[in-house]
Amino acid sequence: MKRFVYSAHARDNCRCCFCVNTATMQRGFNISTLDRNLVVKRVTQDNFGFEVTWSDSHKSSYTWKWLQSAMSRRDGSMKVETEPARRLWNREAIQEHPPEVVFDQVMDSTNLAGIADLTQKIRTHGLCFVVQSPPTPEATQALLERIGPIRNTHYGGFYDFVPDMAKADTAYTNLALDLHTDTTYFTEPAGLQAFHLLSHTATDSNRAGSLGGTSILADGFYVADRLKRDCAEHFKTLSSYKLPWHASGNEDVAIAPDMAYPVIETHNGMVQRIRWNNDDRGEVPIDTDVDKWYDAAQAWNTLLSQPENQYEFLLTPGRILIFDNWRVLHGRKAFTGLRRICGGYINRDDFISRWKLSNQSREDVIAANLQLR
């Protein structure tokens with residue numbers, strides 16, 4: 001046992017009621033009192049785990065599951081957080097059978113199956129529709145709060161609006177919007193975004209024909225993968241050249257992230273986040289090879305614009321769209337008439353917490369969080 005678990009590390013991670021507050025799950029053990037030369041004086045064991053008496057007379061209890069986890073982390077054979085397999089998609093892959101769940105199942109407070117299904121599908125596909133939803137802002141807000149707290153920004157919290165330019169943003173017009181991710185100008189962009197069309201009515205000037213407003217989604221991870229396969233150099237450029245982003249449309253707002261960020265962010269070789277809104281992009285740094293960046297950005301935008309990479313549909317009352325703003329880009333075609341839409345943002349951390357706790361045991365989640373890298 002001592003070959004695999006460093007004694008001071010094991011003592012530091014004692015989970016007894018003296019070392020961990022069982023109500024808050026926070027440490028009560030002062031790191032400055034840790035004896036780095038501790039030795040094991042006695043070990044007793046049972047089917048559940050084992051108890052260690054240390055040379056400082058403290059008794060620590062551990063489960064076999066904790067020991068296995070610690071040993072696996074040491075030799076690199078264990079991945080702490082079990083991620084669902086990403087299912088990258090284009091139009092053909094998702095058009096006929098987009099992921100969806102039923103509103104009442106998600107809202108069932110006696111059963112986690114519905115919320116587990118919703119969060120798992122968002123993790124897997126980057127989006128999910130909640131169908132058979134009451135076409136009201138109250139029901140929509142309750143659904144979002146079932147996942148986590150609604151994030152407040154300079155636009156407010158839960159939004160319920162018509163295109164009246166109440167905010168200085170083209171989203172509050174009836175103009176077409178190119179594919180983009182929201183809040184690129186935040187240090188941490190919004191994790192989830194939701195749209196629920198409550199109504200779309202014609203005005204006196206438009207009583208016949210389609211009102212327009214088709215929604216468009218694209219899987220940013222799929223497009224990034226395509227770009228990497230088509231031209232690895234363009235992918236490298238967009239994942240390494242860091243750009244400024246900003247929100248400057250309102251008189252009392254001038255937001256920028258803590259530093260410049262690339263369009264494609266990666267972690268351990270995997271695409272982690274897409275940050276793309278050409279309207280909110282700052283200047284390409286003049287001290288870089290700007291032509292190289294423009295070549296890569298145009299190739300990226302060309303891929304995004306290809307119809308086979310876009311999923312088009314009409315938002316309808318009772319069918320709420322929730323998507324991963326770190327992955328899925330959204331846009332729309334121009335429309336006429338009066339549209340009322342509600343929705344909101346949810347922080348990434350709150351969403352991931354809900355996904356973990358509805359799909360895994362709390363014990364496993366806490367153990368994984370303590371060792372997360």
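A residue is called buried when its relative accessible area is under 20%, exposed when that area is over 50% and partly exposed in between, with a 1.4 Å probe and protein chains only. Strands (E, at least two residues) and helices (H or I, at least four) are DSSP runs numbered from the N terminus. The structure described here is a predicted model, in which local features need pLDDT of at least 70 and side-chain atom pairs count only at pLDDT 80 or more, whereas totals for chains, interfaces and linings use all residues. Residues are numbered from 1 along each chain as its sequence is written, and side-chain values use heavy atoms, with hydrogens and water left out.

Strand β7 (residues 127–131) is mostly covered, five of its five residues being buried. In a regular strand the side chains alternate between the two faces of the sheet. In β7 both faces are covered, with Leu127, Phe129 and Val131 buried on one side and Cys128 and Val130 buried on the other. Two strands are taken to pair if DSSP finds at least two bridges between them. By this criterion β7 pairs in the parallel sense with strand β6 (residues 100–102) over three bridges, and valine 131 of β7 is the bridge partner of valine 102. With strand β15 (residues 320–324), β7 pairs in the antiparallel sense over four bridges, and here cysteine 128 stands opposite isoleucine 322 of β15.

An open sheet of four strands has the order β9-β16-β11-β14, with antiparallel pairing. Its edges are formed by β9 (177–180) and β14 (311–313), each of which has a single partner strand, so that one side of each is left without a neighbour in the sheet. From one strand to the next the twist averages 15°. Within this sheet, β11 (residues 215–219) and β16 (residues 328–332) run antiparallel and are joined by five bridges, with isoleucine 216 placed opposite glycine 331 in β16. Helix α7 (residues 220–230) lies across β11 and β16 and runs at about 50° to β11; axes are lines fitted to C-alpha atoms, for helices over the stretch in contact, and angles run from 0 to 180 degrees between N-to-C directions.

A further open sheet consists of three strands in the order β3-β4-β5, again with antiparallel pairing. Strand β4 (residues 49–54) is joined to β5 by five bridges, and threonine 53 stands opposite lysine 59 in β5.

The axes of helix α8 (residues 232–240) and helix α9 (residues 290–305) come within 9 Å and cross at roughly 105°. This makes α8 roughly perpendicular to α9, where angles of 65 to 115 degrees count as roughly perpendicular, under 35 as roughly parallel, over 145 as roughly antiparallel and the rest as oblique. Contact being defined as heavy atoms within 4.5 Å, Glu233, His234, Thr237 and Leu238 of α8 meet residues of α9 that include Trp293 and Trp300.

The whole structure contains eleven aromatic pairs, counted when ring centres of Phe, Tyr and Trp (its six-membered ring) lie within 6.5 Å, with planes under 30 degrees apart termed stacked, over 60 edge-to-face and the rest tilted. The ring centres of tyrosine 159 and tyrosine 345 are 6.2 Å apart and the planes stand at 75°, so this pair is edge-to-face. The pair links distant parts of the chain, as tyrosine 159 in strand β8 (residues 159–161) and tyrosine 345 in strand β17 (residues 338–346) are 186 residues apart. Both tyrosine 159 and tyrosine 345 are buried, and one aromatic cluster is formed by Tyr159, Phe161, Phe195, Phe323 and Tyr345.
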